[in-house]
Amino acid sequence: MPPGPPGDHLGDALSAFLDDELAPAARREAEAHLAGCPGCQGELEEVAAARRAIRIMPVHATRRPLWGDEMIGAVPGVPGGFGIGAAGASWPHPGPERSAASRRRRAAWALVALAAAIVALLLPRDPSVAPSLPSLADTHAARASITEDPLSQLAPIAVPVRFGP
Amino acid sequence: MNPACRRLAVGCLAAGTVISGLVPAGPALAASGAPAAGPAASAPAPGTSAVELLDRAREAAESQPFDGVVDVEWRDGRTQHSAQVPVHSAGGVLRLGDEVVGAGARRLIHSSDGWLTLWGHDVAALGPPPTAKYQLAVEDGPDVAGRPTELVLVFLAGSDRLRERLYVDRQSGLLLRRELLDSRGQPSRSVAFTTISDGSSAGEGPGAMTVATAPGPTRSEEPAPARHLGPSYKLKSSIGQGYRLVGAYKAKGGVVQQFFSDGLHGLSVFEQRGHLRGAETSLAGESGGGREVEIAGHTMRAYSASVGEAVVWESDGMVYTAVTDAPWMDLAGAVKDLPHADPPGRLRRVAQAVVSLFRWR
């Protein structure tokens, strides 16, 4: 990236300067400008300091994907996981031991879920009820005959009870 | 104290505000077969109110000796049914057919296992006076079973539609005929004496019963007062049009009965935990399928019988059965005030089962 016209400050060219991406002639011009420009010298120092700070930051692996290692391995072009390249953060590719342990865990969870489903099926449900209408009708009439007219309340239950139609 | 007597004391106070019917002094009964005239059997005094007549009828049914046949008629849909029941009363024991006995506060029914107690104690709460809901009037009635009567006409308060007719024997005070009327004024259910005599023979002889010698029960299904109920049981203080809670009881099989009264009719709501499978509709092996009805937007199963009307439904893991001797519309109105959620779908039932895994039982 060439610096701007002579007399201009380096600006974005500072980053290219630090990355050693300038052509030789442009680099010479930049060096000449820096020698006489305290502003650009200060900015160059700030950019360099920022880069150093980023480099010394710790790198953390991201969470394991939910769909398991086998799936990651199966994704074309993703060797060992979804790496993120320059930052260096990637899921470590599990070895055969870790993969087996993971399968055992999943199998254990599946067994627990199956056991829970079986227990749910075997648990006593609320009972099925078929109310006995004649019996309940007798109970009603007996109670009603205590406070209402006993003759007209009890005579109907002396008839063999049949609910219809 | 007889409940009828207790209600008389309460009912007469309330009756004065509404009851306007005056009972003309009836002619002396000339029929030789008239039930014996005891203290409660004397002809009603002029001015006797409808409430007094009804209370007197309740008392007479338990204390007057008589012998007769009662015709029970009811209708379900367009089908009319009727059955005759011989009735005997002597020594304070009321016998209806060979299967039902009332002796004091005891109610027994005979089954293949012997005598079964359905009820066995007096009650303290009597419910509202009939005048809280109804307007009663008294006029001269026709003869019933050859006996002159006072006719009690029952209207809903504030309405001129006749709901019920009760014919009370002028001499003995017995209720000789009771007719529930439908919306067209036609009898939908009735209980009526076709013959009646003084029953003097019923209280004599080796087979005669008294309250003390009434059949002893082989077993009891008498419900116990329900003092503590789980949260799944929904107690209501009143439902429908004028039905007030009079008592709540626990019966066998976890059945809870709430008994409501409007002063003339009873309405029982039975609650059982579980899911509705169907309904046993007959003791004798005959089964009736009932009919589908829709109440408050929910489909339920309704039944008609000699005893009255019944409806069965399920809501939130409880099965409800409501039974009444009142007209169907009263029952439908009461059911509207009770829980009636639709049964849970399959997914919800599975979710409930999974949740129940983590619930202490």
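This is a predicted model: local features need pLDDT of at least 70, side-chain atom pairs count only at pLDDT 80 or more; totals for chains, interfaces and linings use all residues.
Residues are numbered from 1 along each chain as its sequence is written, and chains are lettered from A and ligands numbered from 1 in the order in which they are written.

**Stop 1: confidence in chain A**

The average for chain A is 74, and 65% of the residues reach at least 70. Select residues 1–6 of chain A, where pLDDT stays under 50 and the model has 13 contacts beyond four places in sequence. Two residues are in contact if their C-beta atoms, placed from the backbone, lie within 7 Å. Then select residues 66–90 of chain A, where the pLDDT is also below 50 and the model has 25 contacts beyond near neighbours in sequence.

**Stop 2: where the chains touch**

Show both chains. Here 43 residues of chain A are in contact with 73 residues of chain B. On the chain A side, the elements giving two or more residues are helix H5 (96–122), strand S1 (128–129), helix H6 (133–147) and helix H7 (150–158). H6(A) supplies the largest share, 14 residues. By type, this side of chain A divides into 28 nonpolar, nine polar and six charged residues. In this count Ala, Val, Leu, Ile, Met, Phe, Trp, Tyr, Cys and Pro are nonpolar, Asp, Glu, Lys and Arg are charged, and the others, Gly among them, are polar.

Now select S1(A) and strand S18 (residues 275–276) of chain B, which pair in the parallel sense over two bridges. Strands pair if DSSP finds at least two bridges between them. The bridge partner of A:Val129 in S18(B) is B:Leu276.

**Stop 3: the cores**

A residue is buried if 20 or more other C-beta atoms lie within 10 Å of its own, exposed if 12 or fewer, and partly exposed in between, with C-beta atoms placed from the backbone. Of the 361 residues of chain B, 45% count as buried. A nonpolar core is a set of buried Ala, Val, Leu, Ile, Met, Phe, Trp, Tyr and Cys residues joined through C-beta atoms within 7 Å. The largest has 89 residues, and those with the most contacts inside it include A:Ala137, A:Ala155, B:Val152 and B:Val311. Select B:Val311: beyond four places in sequence, the residues that B:Val311 touches include B:Val293, B:Met300 and B:Leu331. Another core, of seven residues, lies apart from it and has A:Leu10, A:Leu14, A:Ala30 and A:Cys40 among its members.

**Stop 4**

Most residues other than glycine have a negative phi. Select A:Asp20, not a glycine, whose phi is positive at about 60 degrees. The loop holding A:Asp20 runs between helix H1 (13–18) and helix H2 (24–36) of chain A. Is A:Asp20 buried or exposed? A:Asp20 counts as exposed because it has 7 C-beta neighbours inside 10 Å.

B:Ala145 also has a positive phi, of about 55 degrees, in the loop between strand S7 (134–144) and strand S8 (147–156) of chain B. B:Ala145 has 22 C-beta neighbours inside 10 Å and therefore counts as buried.

Finish at B:Pro327, in the loop between strand S22 (318–324) and helix H3 (328–335) of chain B. Leaving aside neighbours within four places in sequence, B:Pro327 is in contact with B:Leu180 and B:Ser188.

Technical notes: pLDDT is the predictor's confidence in each residue, from 0 to 100. Helices (H or I, at least four residues) and strands (E, at least two) are DSSP runs, numbered from the N terminus.
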